[in-house]
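Here is a short note to read beside the structure. Take the points in order, and find each residue as you go.

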Amino acid sequence: MWCAVGVTWRAGLQRSCAFINGCAHDVPVSCRLWNCSVLVRSSVSQPHHERKDAPAMAVPKVKFNNGQEFPIFGLGTWKSKPGEVTDAVKHAFAVGYRHIDCAFIYQNEPEVGAAIKAKIADGTVKREDIYITSKLWNTCHRPDCVIPALKNTLKNLGLDYLDLYLIHWPMGYKEGDELFPKKDGKMLYSDADYVDTWKEMEKAVKLGLTKSIGISNFTEEQTDRILAIAEIKPVTNQIECHPYLNQKKLIEYCKSKGIVITAYSPLGSPDRPWAKPTDPQLMDDPKLKKVASKYGKSTAQILLRYQVQRGNITIPKSVTKSRIEENFKIFDFELSADDMAYIDTFDCKGRFCHLNDVNDHKHYPFKDEFPVKS
């Protein structure tokens, strides 16, 4: 049962979310981030025109436990259709985004790669100034599959290396060409253990195929298992995170281990394919609208600022140019401590992306929330 800000409803989501984030005035803005205090250039609210000579605002960075720095804000590409994502990434680069979050399972890596190639070619960005993340899909957990899967992603993106590569989920599916291998309607699982997968992720770093490695959708216990055998520690744990699922306990744990959180679905994933008309809409929450009105910002901007101010890398998805621009304009204001605490109270364990159709997998991460029915 969910208790979602005054609305009680039963989680009945059945589908997988593995397909499953002009000129500027010099205005110093203190961006109080976890392990990070920076001054950034704050852009004025005016229409952005794609020009090579338009200066891009610098996005604050977090420092990973391996010393690498990484932008705290980027563009997510989950649910971005192949016909739309190239233009979205191009526009994001023109606006000032330098971090693009990808995954093999999103099935749009070649289109993202086309945008990267085009914007490097026209001088908008240089390869060394952008940060590209991708993820190992569940059918490639067996150790001998990891490096080939990463090389395939690099080919799709037209890159020689990634800046960050993640294990997308802790549970492995049966190896093969099918992305969701099933028999009689039931998912087929791999015998591979993500601990063994991690050793191959470390090999990818040593081979120069990726600068950093991390995990996604891992619990405390699962992260502990990785840390117990790791020669190279995960730099981030990418998890669903928004006010209805603020993940405070997991964030505190990861922080204690030197692991940065990356928040996916920070806007509550309103366009998730399995959403029902009766599901709560985070961005329509009256309490959130009241906070947004106070700051003269949109509810989306409040949600994104909330994550960034917590020190979480934040990756909202959009293919709409105006929203890509609006989402980026979150560095010219700061939420008060009282408002941050108030937004924290929205938490109701409201997980939108749970893959509960595979909750019988031995490594399924949300067994407490979605137990196997007897």
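1. First, a term. A nonpolar core is a set of buried Ala, Val, Leu, Ile, Met, Phe, Trp, Tyr and Cys residues joined through side-chain atoms within 4.5 Å. Buried means under 20% relative accessible area. Keep in mind that this is a predicted model.

2. Now the core itself. The largest one has 92 residues. Inside it, F73 and I132 have the most contacts. Helix α3, residues 143-157, supplies the largest share of this core, with 7 residues.

3. Look next at F73. Which residues touch F73, leaving aside its neighbours within four places in sequence? They are V59, Y97, H99, L304, V308, T314, P316, N327, F328, I330 and F331.

4. One of those partners is N327. N327 sits in helix α9, which spans residues 321-328. Is N327 buried or exposed? Its relative accessibility is 4%, so N327 counts as buried; the cut-off is under 20%. Beyond four places in sequence, N327 is in contact with F73, Y97, A300, L304, P316 and S318.

5. Step back to the whole chain. The chain holds 10 helices and 16 strands. It has 374 residues, and 57% of them count as buried. The accessible surface of the chain is about 15,700 Å². Carbon and sulfur atoms account for 51% of that surface.

Definitions and conventions:
Residues are numbered from 1 along each chain as its sequence is written. This is a predicted model: local features need pLDDT of at least 70, side-chain atom pairs count only at pLDDT 80 or more; totals for chains, interfaces and linings use all residues. Side-chain values use heavy atoms; hydrogens and water are left out. Helices (H or I, at least four residues) and strands (E, at least two) are DSSP runs, numbered from the N terminus. Buried means under 20% relative accessible area, exposed over 50%, partly exposed in between (1.4 Å probe, protein chains only). Accessible areas come from the Shrake-Rupley method with a 1.4 Å probe; for residues, only the protein chains shown count as cover. Contact means heavy atoms within 4.5 Å.
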